[in-house]
Amino acid sequence: MGGGNAAREPVQFLLDTGAPATFMANTAADIICGGSRVDDQLFKAVINGVTLAVHQTPESCHFSGLNILGYDFSCRDSY
């Protein structure tokens, strides 16, 4: 988790290796990122020890409320 919160809250993600990037809904971004927004659509997040640039899930799409771990997370070289 991240954001410097003393109390950790679980955030669920859907792993989609076909998605080129990781996306988070606003509620998850508030929990994980706190105030670490790069801009209105991009966050800096630490997910399971991996630091990523994470995109805000577009509100006008069919997966607007989902948190999606994309290829950028699954292809990391941290073994």
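Colleague: Which residue in the turn of the hairpin formed by S3 and S4 has a positive phi?

Modeller: This is a predicted model. Strands S3 and S4 form a hairpin, and 2 residues lie between them. In that turn, a positive phi of about 50° belongs to Asn48.

Colleague: How many bridges pair strand S3 with S4?

Modeller: Strand S3 covers residues 42-47, and its pairing with S4 is antiparallel. Within it, Lys44 has Ala53 in S4 as its bridge partner, and Ile47 stands opposite Val50. The number of bridges between S3 and S4 is 6.

Colleague: Is the pairing of strand S2 with strand S4 parallel or antiparallel?

Modeller: Strand S2 spans residues 23-24 and strand S4 spans residues 50-56, with 2 bridges between them. Met24 stands opposite Gln56 of S4. The sense in which S2 and S4 pair is parallel.

Colleague: Why does Val50 count as buried?

Modeller: Val50 belongs to strand S4. A residue is buried if its relative accessible area is under 20%. Val50 is therefore buried, because its relative accessible area is 11%.

Colleague: How far apart in space are Val50 and Phe73, C-alpha to C-alpha?

Modeller: In sequence, 23 residues separate Val50 and Phe73. In space, their C-alpha to C-alpha distance is 7.7 Å.

Colleague: Is Asn67 buried or exposed?

Modeller: Asn67 sits in the loop between S4 and strand S5, the latter being residues 68-69. The limit for a buried residue is a relative accessible area under 20%. Asn67 has a relative accessible area of 11%, so Asn67 is buried.

Colleague: What is the angle between the planes of Phe23 and Phe63?

Modeller: The structure holds 1 aromatic pair. Phe23 and Phe63 form that pair, edge-to-face, at 5.9 Å centre to centre. Its members come from distant parts of the chain, 40 residues apart: Phe23 from strand S2, Phe63 from the loop between S4 and S5. The angle between their planes is 75°.

Colleague: Are Phe23 and Phe63 buried or exposed?

Modeller: Phe23 lies in strand S2 and Phe63 in the loop between S4 and S5. Both Phe23 and Phe63 are buried.

Colleague: In what order do the elements of the protein run from the N terminus?

Modeller: The protein has 2 helices and 5 strands. From the N terminus on, their order is β-β-α-β-β-β-α.

Colleague: What percentage of contacts between residues at least 6 apart in sequence join residues at least 24 apart?

Modeller: Of the 79 residues in the protein, 37% are buried. Among contacts between residues at least 6 apart in sequence, the part that joins residues at least 24 apart is 56%.

Terms used:
Residues numbered from 1 in each chain as written. Predicted model: local features only at pLDDT ≥ 70, side-chain atom pairs only at ≥ 80, totals over all residues. Heavy atoms only, no water. Pairing = 2+ DSSP bridges. Helix = DSSP H or I, 4+ residues; strand = E, 2+ residues; numbered from the N terminus. Buried < 20%, exposed > 50% of the residue type's maximum accessible area, 1.4 Å probe, protein only. Contact = heavy atoms within 4.5 Å. Phe/Tyr/Trp six-rings, centres within 6.5 Å; stacked < 30°, edge-to-face > 60°.
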